[in-house]
Amino acid sequence: PAGTGLAPLEMIGSGTTTFADMYYFEEDIAKETKAAGLRAVLGQTIIQFPVADAKTPADGLARAEAFIKAFKGDPLITPAVAPHAMYTLDGPTLKASRDLARRHGVPTLIHLAETRDEVQVAQERFKSSPVAYLDDLGFLGPGVLAAHAVWVSDPEIAILKARSVGVSHNPESNMKLASGTAPVPGYLRADVPIG
């Protein structure tokens, strides 16, 4: 699958039974995943600028809804809405993405506090941190899976816990991008779901 960096057979060989992915053309990822017999939570990406499968955020939202309808109830595929990040989407599109996921009862996948630059952007644009900004929008809550969540403070970990947000720790990606290391011990102490 595109976002994972591993082909399905390599994933099976590594002992992976379920993975999460956020990318484009997720219906194709779903078909390959099913053919390999793997389970996956697959998020159709929504982003503010033109990409391979959607020219606008509205196109991305429409693709996400079509993807949800095509795969909801599938025994192997859990469709999700995947607004890329707080720095690549405006507030109304973030809210629309989360509302779409809530309406259909599916997960929301989002990159969160992955890099120091993201934290700096949040401070410059919103006088806030990425976690606090999303919380102020009413975005955080059950069903949200935050990818990376490297640059967070203990009070922000408490917010994630209070909102029942899960964290996807991605050490290989973080090493590749030199993003840093997620505060895994802090998440474990706070009993934040992390995988």
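# Helix packing and buried residues

Me: Thr 93, buried or exposed?
Reply: Thr 93 counts as buried, because its relative accessibility is 9%. Buried means under 20% relative accessible area, exposed means over 50%, and partly exposed is in between, with a 1.4 Å probe and protein chains only.

Me: What kind of model is this, and what goes into the values?
Reply: It is a predicted model, in which local features need pLDDT of at least 70 and side-chain atom pairs count only at pLDDT 80 or more, while totals for chains, interfaces and linings use all residues. Residues are numbered from 1 along each chain as its sequence is written, and side-chain values use heavy atoms, with hydrogens and water left out.

Me: Back to Thr 93. Where does it lie?
Reply: Thr 93 is in helix H4. Helices (H or I, at least four residues) and strands (E, at least two) are DSSP runs numbered from the N terminus.

Me: And what is Thr 93 in contact with, leaving aside neighbours within four places in sequence?
Reply: Ile 46, Gln 48 and Pro 57. Contact means heavy atoms within 4.5 Å.

Me: At what angle do H3 and H4 pack?
Reply: About 10°, and the axes of H3 and H4 are 11 Å apart. That makes H3 roughly parallel to H4. Angles under 35 degrees count as roughly parallel, over 145 as roughly antiparallel, 65 to 115 as roughly perpendicular and the rest as oblique. Axes are lines fitted to C-alpha atoms, for helices over the stretch in contact, and angles run from 0 to 180 degrees between N-to-C directions.

Me: Left-handed or right-handed crossing for H3 and H4?
Reply: The crossing of H3 with H4 is right-handed. A crossing is right-handed if the near helix is turned clockwise from the far one by less than a right angle, and left-handed if anticlockwise.

Me: Which residues make the contact of H3 with H4?
Reply: H3 supplies Pro 57, Leu 61, Ala 64, Glu 65, Ile 68 and Lys 69, and H4 supplies Thr 93, Ala 96, Ser 97, Leu 100, Arg 103 and His 104. By class, this contact of H3 with H4 has 6 nonpolar, 3 polar and 3 charged residues. Ala, Val, Leu, Ile, Met, Phe, Trp, Tyr, Cys and Pro count as nonpolar, Asp, Glu, Lys and Arg as charged, and the others, Gly among them, as polar.

Me: How do H4 and H6 cross?
Reply: The axes of H4 (residues 91-104) and H6 (residues 130-137) come within 10 Å and cross at roughly 65°. H4 and H6 are therefore roughly perpendicular to each other, and their crossing is right-handed. Gly 91, Leu 94 and Lys 95 in H4 meet Tyr 133, Leu 134 and Leu 137 in H6. The residues of that contact divide into 4 nonpolar, 1 polar and 1 charged.

Me: What about H2 and H3?
Reply: H2 (residues 26-36) packs on H3 (residues 57-71) at about 25°, with the axes 10 Å apart. H2 and H3 are therefore roughly parallel. From H2, Glu 26, Glu 27, Ala 30 and Lys 34 meet Arg 63, Phe 67 and Phe 71 of H3. The contact of H2 with H3 divides into 3 nonpolar, no polar and 4 charged residues.

Me: Changing topic. How many residues of strand E4 are buried?
Reply: In E4 (residues 108-112), 5 of the 5 residues are buried, so the strand is largely enclosed by the rest of the structure. Thr 108, Ile 110 and Leu 112 are on one side, Leu 109 and His 111 on the other, and both faces are covered.

Me: In which sense do E4 and E5 pair?
Reply: Parallel, over 5 bridges, with E5 at residues 144-148. Two strands pair if DSSP finds at least two bridges between them. Ile 110 stands opposite Ala 146 in E5.

Me: Where is Ala 113?
Reply: Ala 113 sits in the loop between E4 and helix H5 (116-126). Its phi is near 50°, a positive value in a residue other than glycine. Ala 113 counts as buried because its relative accessibility is 0%.

Me: And Lys 127, buried or exposed?
Reply: Lys 127 is exposed, with a relative accessible area of 68%. Lys 127 has a positive phi of about 55°, although it is not a glycine, and its place is in the loop between H5 and H6.

Me: Last one. Where does Ser 179 lie?
Reply: Ser 179 is in the loop between helix H8 (171-177) and helix H9 (184-190). At 4% relative accessibility, Ser 179 counts as buried. Leaving aside neighbours within four places in sequence, Ser 179 is in contact with Glu 114, Thr 115, Val 150, Trp 151 and Asn 174. Ser 179 and Trp 151 are 28 residues apart in sequence and 8.8 Å apart in space, C-alpha to C-alpha.
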